[in-house]
Amino acid sequence: MQNMVILAGNIGQTPEIRTTQSGTKITNFSLATSRPRLSEGRVMRDENGYRVMDTEWHRITCFNGLGKTVAEHCEMGMKVLVHGRIHYTKWIGSMGNDRYGCEIIAEKVDFLSRPKSAENENPELVDRDDEIPF
């Protein structure tokens, strides 16, 4: 049996990192995925002819090294591909009723775009011929 999720979307806010008392680093961010809205099997369009999109928001959680990398290199608006699993939680709310939550535990995050702060930088050209061991 499998619990696998693959999501491609845009980061909704700057990733937040925190550390537990035991030293585990946890990074959270929201991810927006979009798809065209359908009506009777056809893509809906607005008055200007643009597709009407439905957006869903996902809570993504990364641990330790992956979380550190995401926190250091990701920012709002970047496109990422997240491989992970669905995790459900249940707790008792302040009013005594059952509350439920859902998050994606990331196992791998691929960067599909560069941070906006790095888009204007010129890539450094490096001659690595001398690093080849043969």
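Accessible area here comes from the Shrake-Rupley method, with a 1.4 Å probe. By that method, the protein chain exposes about 10200 Å². Carbon and sulfur atoms supply 50% of that area. Keep in mind that this is a predicted model.

Start with the whole chain. The protein chain has two helices and eight strands. Read along the sequence, they follow the pattern β-β-β-β-β-β-α-β-β-α. Of the 134 residues in the protein chain, 25% are buried. Now take the contacts between residues at least 6 apart in sequence. In the protein chain, 59% of these join residues at least 24 apart.

Next, go to strand β3. This strand covers residues 25–36, and L31 lies in it. Is L31 buried or exposed? L31 has a relative accessible area of 0%. Buried means under 20%, so L31 counts as buried.

What surrounds L31? Leave aside the neighbours within four places in sequence. L31 is then in contact with L7, G9, N10, I11, E56, W57, H58, I60, V80 and V82. Look at L7 in that list. L31 and L7 are 24 residues apart in sequence. In space, their C-alpha atoms are 8.5 Å apart.

Stay in strand β3, where T33 is also placed. T33 has a relative accessible area of 15%. That is under the 20% limit, so T33 is buried. Again, set aside neighbours within four places in sequence. The contacts of T33 are L7, A8, G9, D54, T55, E56 and H58. Which side chain makes a polar contact with the side chain of T33? The partner is H58, at 2.8 Å. H58 is also one of the residues in contact with L31.

Now turn to the backbone. Most residues other than glycine have a negative phi. Where does E40 lie? E40 sits in the loop between β4 (38–39) and β5 (42–43). Its relative accessible area is 82%. Exposed means over 50%, so E40 is exposed.

The next stop is N64. N64 is not a glycine, yet it has a positive phi of about 45°. N64 belongs to helix α1, which spans residues 64–73. How exposed is N64? Its relative accessibility is 41%. That value falls between the 20% and 50% limits, so N64 counts as partly exposed.

Key
Residues numbered from 1 in each chain as written. Predicted model: local features only at pLDDT ≥ 70, side-chain atom pairs only at ≥ 80, totals over all residues. Heavy atoms only, no water. Helix = DSSP H or I, 4+ residues; strand = E, 2+ residues; numbered from the N terminus. Buried < 20%, exposed > 50% of the residue type's maximum accessible area, 1.4 Å probe, protein only. Contact = heavy atoms within 4.5 Å. Polar contact = N/O pair within 3.5 Å; in protein donor to acceptor, adjacent residues only side chain to side chain.
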